[in-house]
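Subject: Handing over a structure, with notes on what was found

Hello,

Here is the structure that I would like to pass on to you, and I hope that you will read these notes with the model open on your screen. Please take your time with it.

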Amino acid sequence: ASGPVLREGAVAGVLGAAAVAAWFLVLDAIHGDPLRTPRFLGSAMLQQEDPLGAVLSYSIVHVVVFIGFGIAGAFLLAGAEHRPQLLLSFVMLYVAFEFFFFAVVLVLARWVLDTLAGWTIVVGNLLAGAAMLAYYFRRHRALALRATRGLSEQP
């Protein structure tokens, strides 16, 4: 039964990674350099000197990290189908990931903010989260309905 959950998480991760990539592609294109962000991050974080190598290396790492995150979310949702209280864990995972990611940038990679505006990173992560959540909840409609119904019935 873990095969479908792994597949769901992988697809959600790819969708999240694609949302972030598309966001920065648009922003970079507006500034006249469509691959500036992945080239910068690949050069700075992965020590890739070749521009194409920097873009490819960073893109691979980016997708792999999102797939891992997507799989974690998919397993929590699969569990929440049988134990609805796990839905809170799913929400906490997403919120914690957002805070953790931005904290890591602030503490370990503050230099990233010298090149990328913080708001662009936040918007990119929100777009990724929205894409992933839309996919998850399209596949888990009954769970989404139970959750929204439960929220609307709260005093």
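**The overall fold**

Please keep in mind from the start that this is a predicted model. The chain has seven helices and zero strands, and when it is read along the sequence its pattern is α-α-α-α-α-α-α. If you draw a box along the principal axes, the C-alpha atoms of the chain fill roughly 50 × 35 × 30 Å. There are 155 residues in the chain, and buried residues make up 33% of them.

**How some of the helices pack**

For α3 and α6, the axes are 11 Å apart and the helices pack at an angle of about 40°. What does that angle make α3 and α6 to each other, oblique or roughly parallel? An angle has to be under 35 degrees to count as roughly parallel, and α3 and α6 are therefore oblique to each other. Their crossing, in which α3 passes α6, is right-handed.

For α1 and α6, the angle is about 145°, with the axes 8 Å apart, and α1 passes α6 in a right-handed crossing as well. The residues of the contact of α1 with α6 divide into 17 nonpolar, five polar and two charged.

**The empty spaces**

Rolling a probe the size of a water molecule over the atoms shows where empty space is left.

The largest pocket holds about 740 Å³ of space. It is lined by 33 residues, and those closest to its centre are Val20, Leu41, Tyr58, His62 and Phe101. The elements that give two or more residues to this lining are α1 (2-30), α2 (36-46), α3, α4 and α6. By class, the lining of the largest pocket is made up of 27 nonpolar residues, five polar ones and one charged one.

As for cavities, the count comes to one of 30 Å³ or more, and about 40 Å³ of space lies in the largest cavity. Which residues line the largest cavity? They are Phe66, Phe69, Tyr94, Phe97, Glu98, Asn125, Ala128, Gly129 and Met132. Two or more of the lining residues come from each of α3 (51-82), α4 (86-108) and α6 (118-139), and α6 gives the most, with four residues. Sorted by class, the lining of the largest cavity has six nonpolar, two polar and one charged residues.

The phi angle of Gln47 is near 55°, which is a positive value in a residue other than glycine. Is Gln47 buried or exposed? Its relative accessible area is 60%, and the cut-off for exposed is over 50%, so Gln47 is exposed.

The next is Thr120, which you will find in helix α6. Thr120 has 7% relative accessibility, and because buried means under 20%, Thr120 counts as buried. Thr120 and Phe24 are 96 residues apart along the chain, and yet their C-alpha atoms are separated by 8.0 Å.

Ser89 has a relative accessible area of 30%, which lies between the cut-offs of 20% and 50%, and so Ser89 is partly exposed. From C-alpha to C-alpha, Ser89 and Leu77 are 9.1 Å apart in space, while in sequence they are twelve residues apart.

With best wishes

Methods:
Residues are numbered from 1 along each chain as its sequence is written. This is a predicted model: local features need pLDDT of at least 70, side-chain atom pairs count only at pLDDT 80 or more; totals for chains, interfaces and linings use all residues. Side-chain values use heavy atoms; hydrogens and water are left out. On a 1 Å grid over the protein atoms alone, a cavity is a set of points where a 1.4 Å probe fits but cannot get out, and a pocket is an open set with protein on both sides within 12 Å along at least five of seven lines; lining residues have an atom within 4 Å of a point. Grid points are joined across faces, edges and corners, and a volume is the space filled by probe spheres set on the points. Ala, Val, Leu, Ile, Met, Phe, Trp, Tyr, Cys and Pro count as nonpolar, Asp, Glu, Lys and Arg as charged, and the others, Gly among them, as polar. Buried means under 20% relative accessible area, exposed over 50%, partly exposed in between (1.4 Å probe, protein chains only). Axes are lines fitted to C-alpha atoms, for helices over the stretch in contact, and angles run from 0 to 180 degrees between N-to-C directions. Angles under 35 degrees count as roughly parallel, over 145 as roughly antiparallel, 65 to 115 as roughly perpendicular and the rest as oblique. A crossing is left-handed if the near helix is turned anticlockwise from the far one by less than a right angle, and right-handed if clockwise.
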